[in-house]
Amino acid sequence: MSIGRLRVAVNLMWCIPGDVGGTEQHAVRQLVGLREVRPDIELTLIASAAFLDAHATRFPGAPAVVAPDRGRSRGRRVVDEHTWLRSRTAGFDLVHHPGGTTPRGARRPYVLTIHDLQYLTYPEYFSAVKRRYLDAMIAPSARGAAMIGVPSAYVRTSVLEHLRVPPERVHVVPHGFEPDLGATVTPEPELRARLGLGTGRVLVYPAMPAPHKNHRFLLEVLERHWPDPDLRLVLIGGTGLAEADVTGQLAAATPSLRDRVVRPGRVSDADRNGLLAMAEALVFPSRYEGFGAPVIEAMMLGTPVVCSDATCLPDIVGDAAIVLPLVHEAWAPALDTVRDRRAELVAAGHRRAATFTIEASGRELGTVYDLAVGR
């Protein structure tokens, strides 16, 4: 290792823009923050041409190695990670694998980021093939890591419990957010007209339908306890594994429910920001989160948050949100509580969100790198 300078290869071959959800934004923001606070660390990005094109402006001057162009074939990418990648990581002081697993025989020392262990908590949400793959890959990857970065104290506890790695090798590296996250905001009148939101209150849930996202619970609360005919629930996100369940629930619902649910699918950042900024609240009834980035994004935009008390969420939101058990009756008065405490929640949300900066995230990642190489 060169004195005073740490050369790190970052394996981003797994990160296909638009296909991996919030982990793409998390990885990019964290690495951008690291470059801002640790100029003594030189990152070389090993990624697809698509990733480098999508994020070129975020990493000016950063060395990069273009991974083989295999289209979007996951199988070919995995093969390349196990073969081509090893030769490209020679000569570095450290390799970082932010995608949750490492290839067999990964060059050491390496840092591994584990975003969550949902497949162990809710195995029924995963196919048998996916469970076997994760069982075969995550534990060996963790055991071989010099250091493991996790996004929350909850995930750290899960890693220590299930993967049996020494506690000194697992370090919390929280998500970070740019201060200009809400710089582009679609005006409220435009969104109301385009999406048919009427003139009433709006709730937003930004999550593709997946079993753990618990859309069914939210729709049941809307039907049973939030009867305001002018209230609109906007469900943002692409098609997920629970798409059929959500579609079927709405198809079988009464018009009084169905007509109050708006599903625009994937939206632009400006539209998302506009919807959150105008919303009465972000409603977030998830059963499982490794971090739960949307709750902090909402707070940054001045939107009150109502979320479940599951997994990491109470720790992430602190006292800046309404945190409720996943019981229908507990959520019944939530909108009245938001109305009564709105100014308090908005102010607390701003304070809470201000602690999750990309600089803070990058600084913790730099600490993980230092520990991994014994600096």
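Predicted model: local features only at pLDDT ≥ 70, side-chain atom pairs only at ≥ 80, totals over all residues.

**Starting at Asn273**

I began by listing the contacts of Asn273 (contact means heavy atoms within 4.5 Å): leaving out residues up to four places away in sequence, Asn273 touches Leu181, Gly182, Thr184, Val185 and Leu301. I then looked up where Asn273 sits, and found it in helix α12, residues 269-278. Helices here are DSSP runs of H or I with at least four residues, strands are runs of E with at least two, and both are numbered from the N terminus. Is Asn273 buried or exposed? Asn273 counts as buried because its relative accessibility is 0%. For the cut-offs, I noted that buried means under 20% relative accessible area, exposed means over 50%, and partly exposed is in between, with a 1.4 Å probe and protein chains only.

**What I am looking at**

Residues are numbered from 1 along each chain as its sequence is written, and side-chain values use heavy atoms, with hydrogens and water left out.

**The whole chain**

I counted the elements next: the protein chain has 17 helices and 13 strands. Its C-alpha atoms fill a box of roughly 65 × 40 × 40 Å along the principal axes. I checked the radius of gyration too, and the 21 Å of the protein chain agrees with a compact globule, because 375 residues would give a value near 21 Å. That radius is taken over C-alpha atoms, and the globule rule is 2.2 Å times the number of residues to the power 0.38.

How much of the chain is buried? I noted 54% of the 375 residues. Among contacts with a separation of 6 or more, 69% are between residues 24 or more positions apart. The accessible surface comes to about 15700 Å², and carbon and sulfur atoms hold 54% of it; the area is by the Shrake-Rupley method with a 1.4 Å probe.

**Helix α1**

I turned to helix α1, which has 16 residues (22-37) and reaches 23 Å from its first C-alpha to its last, close to the 22 Å expected at 1.5 Å a residue. The expected span is 1.5 Å times one less than the number of residues. Its buried residues include Glu24, His26, Val28, Leu31 and Leu34. Which elements do the buried residues of α1 pack against? I listed β1 (6-11), β2 (41-47), α2 (49-55), β4 (94-97), α13 (293-300) and α17 (358-373).

**Trp331**

Trp331 lies in helix α15, residues 328-331, and counts as buried because its relative accessibility is 0%. I wrote down its contacts, leaving aside neighbours within four places in sequence; among them are Phe217, Val221, Trp226, Phe284, Cys307 and Leu324. I also looked at Pro151, which is 180 residues from Trp331 along the chain, with their C-alpha atoms separated by 27 Å.

**Between β4 and β5**

I found Arg107 in the loop between β4 and β5. Arg107 counts as partly exposed because its relative accessibility is 26%. Its contacts beyond four places in sequence are Arg86, Ser87, Thr89, Ala90 and Val95. In the loop between β4 and β5 (110-113) I also found Pro109. A cis peptide bond joins Arg108 and Pro109, with omega about -5 degrees.

**Two positive phi values**

Asn214 is in the loop between β8 (202-206) and α9 (215-225), and it is buried, with a relative accessible area of 6%. Thr311 is not a glycine, yet has a positive phi of about 45 degrees. I placed Thr311 in the loop between β12 (305-308) and α14 (313-317), where it counts as partly exposed at 24% relative accessibility.

**Last entry: Leu120**

Leu120 is in helix α5, residues 118-121, and counts as partly exposed at 30% relative accessibility. Leaving out residues up to four places away in sequence, Leu120 touches Asp135 and His162. Leu120 and Asp135 are 15 residues apart in sequence and 9.0 Å apart in space, C-alpha to C-alpha.
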